[in-house]
Amino acid sequence: MRKRWWYVALSILLLAPVFWQPRVQAGDLSSHFYNAWMSQSIETGRIQGLVIVSQTTDILFDLILGGLLRLFGAEPAQRIAVSLAVLVFVWGAFRFASVVGGRPAWHLLPCIAMLAYGWVFHMGFFNFYLSMGLCCWALAAAWEWHPRSAAIAVPLLVLAYLAHALPT
């Protein structure tokens, strides 16, 4: 139980950069938000003459953002979606490094946190970012191969593909 509180406290600390600024500063985030808003407007019939074309990849973050937009509105939706992407990436990379190293990789957590707010975050490539985190989780699950690990890794890889094909 005590260990769980460490993860919660560290997660809150890791998310501080998402909440300390008046706006989330990530280049492509506005286009993700526009996609979510536009698809929602098309679905509800507020915009006539446009259709949503189905896609199999590069959509997971937009779907998450769209669902959160419906529930919470614009500002909270962006912060929650970005927070989710940061936590998936950080704890996925941490888990993968821990499994590969054979022990918890606490010494690497500061480096992983720096990567979390690096170039990919700054550019706002959140589908790619989310896919990388999910792939780290899948690799960690499949590191010692057996049927149970495959049952965990395969759905994670499908989600990762929905986010972005390149990391998968």
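The legends below describe close-up views of a predicted model.

Residues are numbered from 1 along each chain as its sequence is written, and side-chain values use heavy atoms, with hydrogens and water left out. Because the model is predicted, local features need pLDDT of at least 70 and side-chain atom pairs count only at pLDDT 80 or more, whereas totals for chains, interfaces and linings use all residues.

**View 1. The largest pocket and the elements that line it.** The largest pocket holds about 520 Å³ of space; here a pocket is an open set of points, on a 1 Å grid over the protein atoms alone, where a 1.4 Å probe fits and which has protein on both sides within 12 Å along at least five of seven lines, and lining residues have an atom within 4 Å of a point. The volume is the space filled by probe spheres set on the points, which are joined across faces, edges and corners. The lining of this pocket comprises 23 residues, of which Asn35, Ser39, Ile52, Ile59 and Asp62 are the closest to its centre. Two or more lining residues come from each of α3 (29-44) and α4 (60-72), and the largest share, 9 residues, belongs to α3. Helices such as these are DSSP runs (H or I, at least four residues), numbered from the N terminus. Sorted by class, the lining has 9 nonpolar, 9 polar and 5 charged residues, where Ala, Val, Leu, Ile, Met, Phe, Trp, Tyr, Cys and Pro count as nonpolar, Asp, Glu, Lys and Arg as charged, and the others, Gly among them, as polar.

**View 2. The second largest pocket, with lining residues from α5, α8 and α9.** About 200 Å³ of space lies in this pocket, and its lining includes Arg95, Trp137, Trp143, Glu144, His146 and Arg148. The elements that each contribute two or more residues to this lining are α5 (74-101), α8 (126-142) and α9 (147-163), with α9 giving the most, 4 residues. By class, the lining is made up of 7 nonpolar, 2 polar and 3 charged residues.

**View 3. The salt bridge between Arg70 and Glu43.** A search of the whole structure finds 2 salt bridges, a salt bridge being a side-chain nitrogen of Lys or Arg within 4 Å of a carboxyl oxygen of Asp or Glu. In the pair shown here, the closest N and O atoms of Arg70 and Glu43 are 2.5 Å apart. This pair links distant parts of the chain, since Arg70 is in helix α4 and Glu43 is in helix α3, 27 residues apart. Arg70 counts as partly exposed because its relative accessibility is 48%, whereas Glu43, with a relative accessible area of 52%, is exposed; buried means under 20% relative accessible area, exposed over 50%, and partly exposed in between (1.4 Å probe, protein chains only).

**View 4. The salt bridge between Arg79 and Glu75 within helix α5.** The closest N and O atoms of Arg79 and Glu75 are 2.8 Å apart. The two residues both lie in helix α5, 4 residues apart, which is about one turn of the helix. At 10% relative accessibility Arg79 counts as buried, while Glu75 is partly exposed, with a relative accessible area of 35%.

**View 5. Asp58 in the loop between α3 and α4.** The phi of Asp58 is near 65°, a positive value in a residue other than glycine. Most residues other than glycine have a negative phi. Asp58 is partly exposed, with a relative accessible area of 35%.

**View 6. A nonpolar surface patch formed by Trp5, Val8 and Ile12.** Together these three residues have about 340 Å² of accessible area, as given by the Shrake-Rupley method with a 1.4 Å probe, where only the protein chains shown count as cover for residues. Patches are made of residues with over 30% relative accessible area and no salt bridge, like charges being joined within 9 Å and nonpolar side chains (Val, Leu, Ile, Met, Phe, Trp, Tyr) within 5 Å. Ile12 is placed in helix α1 (residues 2-14) and counts as exposed because its relative accessibility is 60%.

**View 7. Buried residues Phe126 and Cys136 in helix α8.** Phe126 has 0% relative accessibility and so counts as buried; from C-alpha to C-alpha, Phe126 and Ser41 are 22 Å apart in space and 85 residues apart in sequence.
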